[in-house]
Amino acid sequence: MFLRAMTRNLSEAHKDGLKCVLSLVPPRWRQGGTYWQWRHFLDEAQYWPSTRIETWQLERLRNIVRHAIDHTEGYRELYRTARLSADDLRGLSDIRHFPCTTKTMLQDNLEAFSVRQPGRLYVTTGGSTGIPFGFYETDRNRQIENAFIHTGWSEVGWRLGLWSAVLRGGFVGAPNRTWKREPYARELSFSSYFLTPDLLNSYVEALRRYQPPVLQAYPSSLNVLCDLLKESGQTGAVHFDLILLGSENVYDWQLAKAHASFPSSRVFAWYGHAEKAILAPWCAQRDQYHAWPYYGLTEIVDSDGRPTPVGDEGELVGTSFHNLVTPFIRYRTLDRALRGPEHCDLCGRHFQILSCIVGRAHELIVTGTGRFISMTAINMHDDIFDLIRQFQFVQETAGEVVFQYVPRRDLAEHEVAAMKARLMVKLGDDMHLKIAAVNEIPRAPSGKYRFLDQRLPLRYGDR
């Protein structure tokens with residue numbers, strides 16, 4: 001917030017100059033008071049017993065519901081119609097009686113579900129579910145977000161001040177198009193858009209020159225980097241101590257590639273979304289997601305809104321404890337997860353475990369009989385797919401899907417047939433598969449690769 005305020009009316013050249021000066025300020029001093037308040041709290045509270053956590057959560061839940069009723073017309077009317085109030089929350093399980101909110105509901109009535117106050121910031125999501133969405137938050141929310149993210153990262157060796165290579169965006173605004181050095185942020189920002197065979201050496205040279213110990217990446221962008229390094233014979237040319245993956249689901253076959261390309265690197269991932277209702281980093285002891293109980297209330301529910309038992313799949317519904325400007329209460333994420341226990345026997349935390357993020361709403365293929373196939377279940381870690389550089393499924397009609405791929409070389413008919421046969425094993429008899437070679441796979445505006453371009457109006461709970 002401080003940096004944005006200081007650079008708002010400056011030219012790009014003056015902005016860069018000011019950032020260089022401010023880069024001399026130690027990283028610890030750049031974090032706001034709210035950030036450090038939450039870092040200290042999380043260091044202590046993450047090992048609280050379950051009863052103390054639940055007491056804390058219940059108080060926060062009542063506060064956010066009461067706040068939403070008192071200050072927003074939308075929630076006041078929603079709960080008046082349901083004849084509910086904050087006093088009806090006698091325990092955490094009582095939240096299931098409250099109606100859910102959806103992205104469409106908030107999008108169509110944003111001002112009614114938001115609080116008018118000075119200093120609120122309008123932010124937008126990338127629309128990965130097919131529903132672009134904007135809402136309000138404050139700089140306080142961003143400080144809290146960073147405190148939670150950094151606490152999770154610190155479990156696996158990250159610390160403030162470490163330089164990171166960031167392979168998470170589209171355009172970096174640099175003359176060379178591929179990367180830009182950001183001293184203030186301690187980052188080398190790399191473009192996902194220009195990560196191609198022709199420009200790979202520009203990336204490798206920058207990484208070898210500056211040797212950042214941390215890589216922050218979209219899983220899809222890391223996947224491309226691994227493929228290009230292997231294809232060019234440069235696997236091992238660059239090294240990272242720690243690889244941090246977020247903003248997309250992480251598939252097992254992507255992890256296998258990452259470990260093969262960077263065998264000595266620690267890989268760490270987390271689940272979250274722009275609305276900031278649920279945040280679940282991996283446990284430091286195993287690759288399973290632990291939902292932060294102080295970030296929001298995490299529910300895993302069936303199509304009727306009831307909690308799923310341990311081991312079953314359900315939709316993630318979240319309530320943010322921190323956004324007081326556009327409250328997210330029982331917010332349907334349209335993402336699905338496998339419910340795990342509420343205690344980790346390895347790290348000792350009493351957090352809700354998500355054994356697996358089964359899929360996000362835009363990562364589902366619909367079969368002719370109405371089955372949903374998650375992209376997680378389509379394991380692309382198969383030697384037949386070593387023949388292709390990139391791929392994308394495209395679906396416009398239930399029961400039909402097109403598999404587009406960029407071949408590494410001209411493929412023989414029997415190779416294409418073998419690839420199609422193995423895909424059909426994963427898809428099933430109620431799917432019609434078309435397969436087509438293309439010159440390139442388009443990226444999303446954010447620079448991400450979408451492994452599925454889902455054009456059907458999918459909504460979980462409509463099974």
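Predicted model: local features only at pLDDT ≥ 70, side-chain atom pairs only at ≥ 80, totals over all residues.

Guide: Two strands are taken to pair if DSSP finds at least two bridges between them.

Strand β17 covers residues 388–397 and strand β18 covers residues 400–407. The two run antiparallel, and seven bridges join them. One point of reference along this pair is Q390, which stands opposite V406 in β18. Strands of a sheet in general pair through backbone hydrogen bonds, and the pairing is either parallel or antiparallel.

The pair belongs to an open sheet of four strands, in the order β19-β18-β17-β20, and the pairing across that sheet is mixed. Its edges are formed by β19 (432–437) and β20 (452–454). Each of these has a single partner strand, so one side of β19 and one side of β20 have no neighbour in the sheet. On average, neighbouring strands here are turned by 20° against each other, with direction ignored. A helix also packs on this sheet: α12, made of residues 413–427, touches β17, β18 and β19. The direction of α12 makes about 145° with that of β19.

Inside it, β12 (residues 313–320) and β13 run antiparallel and are joined by five bridges. E315 has R336 in β13 as its bridge partner. Strand β13 spans residues 331–339 and also contains L334. The phi of L334 is near 70°, a positive value in a residue other than glycine. L334 counts as buried because its relative accessibility is 10%, and buried means under 20%.

K276 has a positive phi as well, near 60°, and is likewise a residue other than glycine. This residue is in the loop between β8 (266–271) and β9 (280–281). K276 counts as buried because its relative accessibility is 19%.

For a parallel pair, turn to β6 (residues 214–217) and β7, which are joined by four bridges. L215 has I243 as its bridge partner in β7. Strand β7 itself, residues 242–245, is covered on both faces: L242 and L244 are buried on one side, and I243 and L245 are buried on the other.

Among the helices, α10 (residues 219–231) has 13 residues and reaches 18 Å from its first C-alpha to its last, close to the 18 Å expected at 1.5 Å a residue. Eleven of the 13 residues of α10 are buried, which leaves the helix mostly covered. Among the buried ones are P219, N223, C226 and L229. Just after α10, G233 takes a positive phi of about 75°.

Helix α8, residues 139–154, includes T151. With 1% relative accessibility, T151 counts as buried. Leaving aside neighbours within four places in sequence, T151 is in contact with R39, L42, D43, Q46 and W292.

C100 is partly exposed because its relative accessibility is 25%, and C356 is partly exposed because its relative accessible area is 27%. A disulfide would need a pair of cysteine sulfur atoms within 2.5 Å, and by this rule the count comes to zero.

Last comes the setting of the chain as a whole. It has twelve helices and 20 strands. Buried residues make up 54% of its 463 residues. The accessible surface comes to about 21000 Å², and 50% of that belongs to carbon and sulfur atoms. Of the contacts with a separation of 6 or more, 64% are between residues 24 or more positions apart.

Methods
Residues numbered from 1 in each chain as written. Heavy atoms only, no water. Axes fitted to C-alpha atoms, helices over the stretch in contact; angles between N-to-C directions. Contact = heavy atoms within 4.5 Å. Buried < 20%, exposed > 50% of the residue type's maximum accessible area, 1.4 Å probe, protein only. Expected span 1.5 Å × (residues − 1). Areas by Shrake-Rupley, 256 points an atom, 1.4 Å probe, with all protein chains shown as cover.
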